[in-house]
Amino acid sequence: MNEILIQNTTAFFEKSFGSVPQKIVLSPGRINIIGEHIDYNDGYVLPAAIDKVICFAFEKNNTKKSKVIAIDLNEEFEIDLTQKVELNDAVWTNYIRGVIKQLQDNGFAFEGFNCVFSSNIPVGSGLSSSAALECGMIFGIAALFDLKIEKKDIALLGQKAEHWVGINCGIMDQFSSVHGLDNKVIKLDCNTLEFEYHNADFKDYSLILMDSNVKHSLFTSEYNTRRIECEQGLAIIKNHFPEIKTFRDCKEEQLLSIQDKFDPTVFKRVHFVVKEINRVIKACEALDKGNIELLGQLLFETHYGLSQEYAVSCEELDMLVDTAKADDAIIGSRLMGGGFGGCTINLIKKGHENEVKSKFSNLYLDTFGIELKFYDVKISNGTQLL
Ligand code: ADP
Ligand code: MG
């Protein structure tokens with residue numbers, strides 16, 4: 001699948017610039033097995049890079065300007081690297097402007113380059129095409145100009161670029177796009193950025209995403225509200241337990257012992273966060289022991305927490321997960337990503353994939369009049385040079 005993307009990107013580059021690219025970079029999207037809305041709450045998450053990628057082709061052009069072509073949008077832009085970097089109305093260019101700005105502000109010296117890129121990561125479905133774009137650009141510029149940037153710093157620079165664009169994201173997406181490994185999930189401590197790999201062997205089950213094809217506009221405002229609610233909640237916890245620095249240090253019993261100190265809504269939010277961090281630890285143990293049924297149960301628990309306590313679901317996602325819960329061929333399902341739309345992640349018994357897909361697409365179309373999309377994902381390597 002990626003071979004065709006690589007061929008097309010390279011051919012487009014040759015046609016546009018009349019030369020063979022000097023560097024080709026593949027930068028993947030990501031899934032998150034469990035640990036949702038946890039990266040900005042400084043807890044554990046369990047993401048992995050996938051086999052859907054943005055392919056970039058680069059060359060130096062020996063000028064002080066860079067030209068970048070987005071094949072999928074049939075758009076291009078040019079930037080003078082000697083001028084102050086500013087936001088632009090063409091949103092996709094801002095991710096690249098942001099990357100250039102972050103590299104410059106952090107003292108990395110580079111000159112003009114030409115770049116063409118194209119992707120098979122669905123955009124805006126929660127597979128983090130934006131992180132793939134940022135990290136792939138940084139990786140490519142670093143390779144082209146021999147800049148020594150550690151993987152962790154590529155992720156941090158990518159995150160800063162996204163903040164500059166105006167999205168106050170956590171570190172998980174960029175970190176997993178860069179650090180992914182074939183058949184490994186990454187247990188990441190979002191507070192310290194310490195991480196460890198666990199084998200991603202789902203045994204008799206296939207990992208399949210269902211794309212609800214909706215994106216409700218509540219997303220941004222609710223996201224910002226959750227961040228504020230969690231900050232307020234953490235401040236209350238710290239008041240009563242000064243030894244606690246982050247949610248990760250807080251035991252559920254401690255939280256329950258001070259329940260009456262919280263506004264009920266804030267309590268629901270922080271209760272979810274503390275339980276979700278524990279679920280990530282349990283999920284790693286389940287994977288290590290090959291207990292995929294337990295992993296599946298944890299996914300359902302996460303979904304109902306996201307829906308009822310954290311309140312970031314919507315009727316389309318709830319319907320998909322409720323239907324999955326009632327289906328014997330599916331042992332785990334939850335909304336993945338920020339919520340209010342995007343994908344669910346599902347563990348489906350091997351051999352039953354096709355019947356599940358046709359049942360769900362018919363039901364979804366009948367209920368909402370919307371086409372459901374499916375992505376079979378394979379856990380794969382992080383950002384790499386070809
Ligand atoms: P996602 O969940 O996919 O990260 P975002 O809204 O965070 O969704 O980021 C999507 C944005 O990233 C797009 O609107 C676009 O600006 C940029 N982007 C992603 N993929 C491409 C692409 N193939 N070509 C151009 N821009 C892209
Ligand atoms: Mg994104």
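Begin the tour at a helix pair: select α10 and α11, where α10 passes α11 in a right-handed crossing. The model on display is a predicted one. Helix α10 covers residues 315-325 and helix α11 covers residues 353-368. Their axes come within 11 Å and cross at roughly 145°. Two packed helices are described by the angle between their axes and the distance between the axes.

Next, display the side chains at this contact. On α10, select E316, M319, L320 and T323; on α11, select F360, L363, T367 and F368. Coloured by class, the contact shows five nonpolar, two polar and one charged residues.

Now zoom out to the whole protein. Along the principal axes, the C-alpha trace spans about 65 × 50 × 40 Å. What radius of gyration does the protein have, and what would a compact globule of 386 residues have? The protein has 21 Å, which agrees with the value near 21 Å for a compact globule of 386 residues. Colouring by burial marks 45% of the 386 residues as buried.

Select ligand 1 and the residues around it. The shell comprises 16 residues, of which the closest are A70, W92, S119, S129 and S130. The elements that give two or more residues to this shell are α2 (91-105) and α3 (129-144). By class, the shell around ligand 1 has nine nonpolar, six polar and one charged residues.

From α3, follow the chain into the loop between α3 and α4 (151-165), and select D146 there. Most residues other than glycine have a negative phi. D146, although not a glycine, has a positive phi of about 60°. Is D146 buried or exposed? D146 counts as exposed because it has 7 C-beta neighbours inside 10 Å, and the cut-off for that class is 12 or fewer.

The last stop is N183, in the loop between α5 (172-179) and β7 (184-189). Phi of N183 is also positive, near 60°, in a residue other than glycine. With 14 C-beta neighbours inside 10 Å, N183 counts as partly exposed, since a residue is buried at 20 or more such neighbours and exposed at 12 or fewer.

Note on methods
Residues numbered from 1 in each chain as written. Chains lettered and ligands numbered in written order. Predicted model: local features only at pLDDT ≥ 70, side-chain atom pairs only at ≥ 80, totals over all residues. Rg over C-alpha atoms; globule rule 2.2 N^0.38 Å. Near = placed C-beta within 6 Å. Helix = DSSP H or I, 4+ residues; strand = E, 2+ residues; numbered from the N terminus. Nonpolar A, V, L, I, M, F, W, Y, C, P; charged D, E, K, R; others polar. Axes fitted to C-alpha atoms, helices over the stretch in contact; angles between N-to-C directions. Left-handed = near helix turned anticlockwise from the far one by under 90°. Contact = placed C-beta atoms within 7 Å.
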